[in-house]
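The following exercises are to be worked through with the sequence and the structure at hand. Each task is followed by a solution in steps.

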Amino acid sequence: MMVKCEYCGGMIDDQQTVCPHCGATNLNIKRTVDHTPQTIAELKQWYQDRHLPPYETTRFFIGIDYQFPRAFGIYQDGNEFVVYKNKADGSRAIRYRGTDEAYAVNELLLKLKSEILNQKARNSSTRFSRPSEKAVRTSIIASYVVRAVMVLIMLGYMFSSFFGIFDAKPTYYRYMDHVYCEYKDNFYEYNTESKDYQSVSTDLVPDDLKERGDDFEFDSLDANWNANYSFMDSDYYEKSVQPYERSNSDSSSHSDSYDSDSDYDWDSGSSWDSGGSDWSSDW
C-alpha cells in the first residue's frame with residue numbers, strides 16, 4: 001500500500017524503511033513496531049485501554065462527526081479521513097483531510113496524549129496548591145532545619161578541605177564516542193592514541209554534557225587515576241571505552257521510543273477539566 005511521506009509529501013510503499021525521495025524514516029513502520037494505533041478502531045481501543053473518561057468529558061470524539069463547540073475529533077467521510085477541531089465559537093478547523101488513515105489517527109493521538117499530560121499536571125498542581133496550616137508550619141520548620149544542616153555541611157567541608165582531610169575525586173563521563181573527566185572544575189578528554197587525558201577548554205565540552213552531566217556519568221576505579229590525570233591501567237580503553245562505542249553504534253540502527261503508553265493511563269480518581277484547553281486556536 002502506498003502512503004504519504006510525512007516529511008516531503010511523496011508517495012512511498014508502506015513497507016519501505018526510508019523515503020526514496022528525501023531519505024526520511026518511514027514513520028508508518030515505526031508506528032507498527034511501537035503498536036501505535038493505525039486505524040480509528042485501534043485508536044478507540046487505545047482510548048479505552050487508558051481508562052479515560054467519556055468523550056463528552058475529554059471532548060475527544062473518535063469516529064464521530066461531532067457538530068457542537070469545543071471538540072477534537074476524527075471520522076471517516078467516504079474514502080477520506082477527517083481530523084478536526086470545533087472551536088469555542090462553533091467554527092471548525094480542519095487539521096487533516098485525506099486518504100491516509102494512519103496519518104490522520106496519529107494527528108489526533110498526539111493531541112490527545114498532550115492533553116492527557118496537561119490534565120495530569122493540572123491535577124497535580126491543584127492537589128498541592130492549598131496546603132493545610134499544619135503543613136505550612138511543618139514546611140517552615142523543615143526549611144530552617146535544612147538551612148542549619150547545609151551550614152554545618154559547608155563548615156565541615158571548608159574545615160576538612162583546609163586541613164586536607166580528603167581530596168577531590170574526578171568524575172568520568174561518556175558522551176558519544178568520547179570519554180571526559182572533570183577534576184577540580186577542569187575538564188580533560190581521553191586520548192585513545194596516547195592512552196592519557198589531555199586538558200580541554202570548557203567551551204569545547206558539549207553543552208549537553210555540562211548541563212546534564214549525571215546522564216553521562218559512569219564509575220571508574222580510583223586505582224586508575226593518578227596525579228598526572230592518566231590511567232595506570234593501559235587496557236582501560238579496550239575494556240571500557242570501546243564496548244561503549246560498539247553499543248552506541250548498534251543502538252543507532254533503530255529508533256528509540258521516548259514515551260510509554262502507560263504514561264497516559266488515567267487515574268479514575270482524577271478530574272478532567274476540558275475548560276482549561278485552548279478553544280480559540282485552530283489546533
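Helices (H or I, at least four residues) and strands (E, at least two) are DSSP runs, numbered from the N terminus. The model is predicted, so local features need pLDDT of at least 70, side-chain atom pairs count only at pLDDT 80 or more, and totals for chains, interfaces and linings use all residues. Residues are numbered from 1 along each chain as its sequence is written, and side-chain values use heavy atoms, with hydrogens and water left out.

**Exercise 1.** Determine which residues of helix H2 (residues 40-49) are buried.

*Solution.* Step 1: buried means under 20% relative accessible area, exposed over 50%, and partly exposed in between (1.4 Å probe, protein chains only). Step 2: Ile 40, Leu 43, Trp 46 and Tyr 47 are the buried residues of H2. Step 3: these residues lie on the same side of H2, because they cover an arc of only 110° around the axis; the arc is that of the directions from the helix axis to the C-beta atoms. Step 4: Ala 41 and Gln 48, on the other side of H2, are exposed.

**Exercise 2.** Is Arg 70 buried, partly exposed or exposed?

*Solution.* Step 1: Arg 70 is found in the loop between strand S3 (60-62) and strand S4 (71-77). Step 2: at 40% relative accessibility, Arg 70 counts as partly exposed. Step 3: Arg 70 is not a glycine, yet has a positive phi of about 60°.
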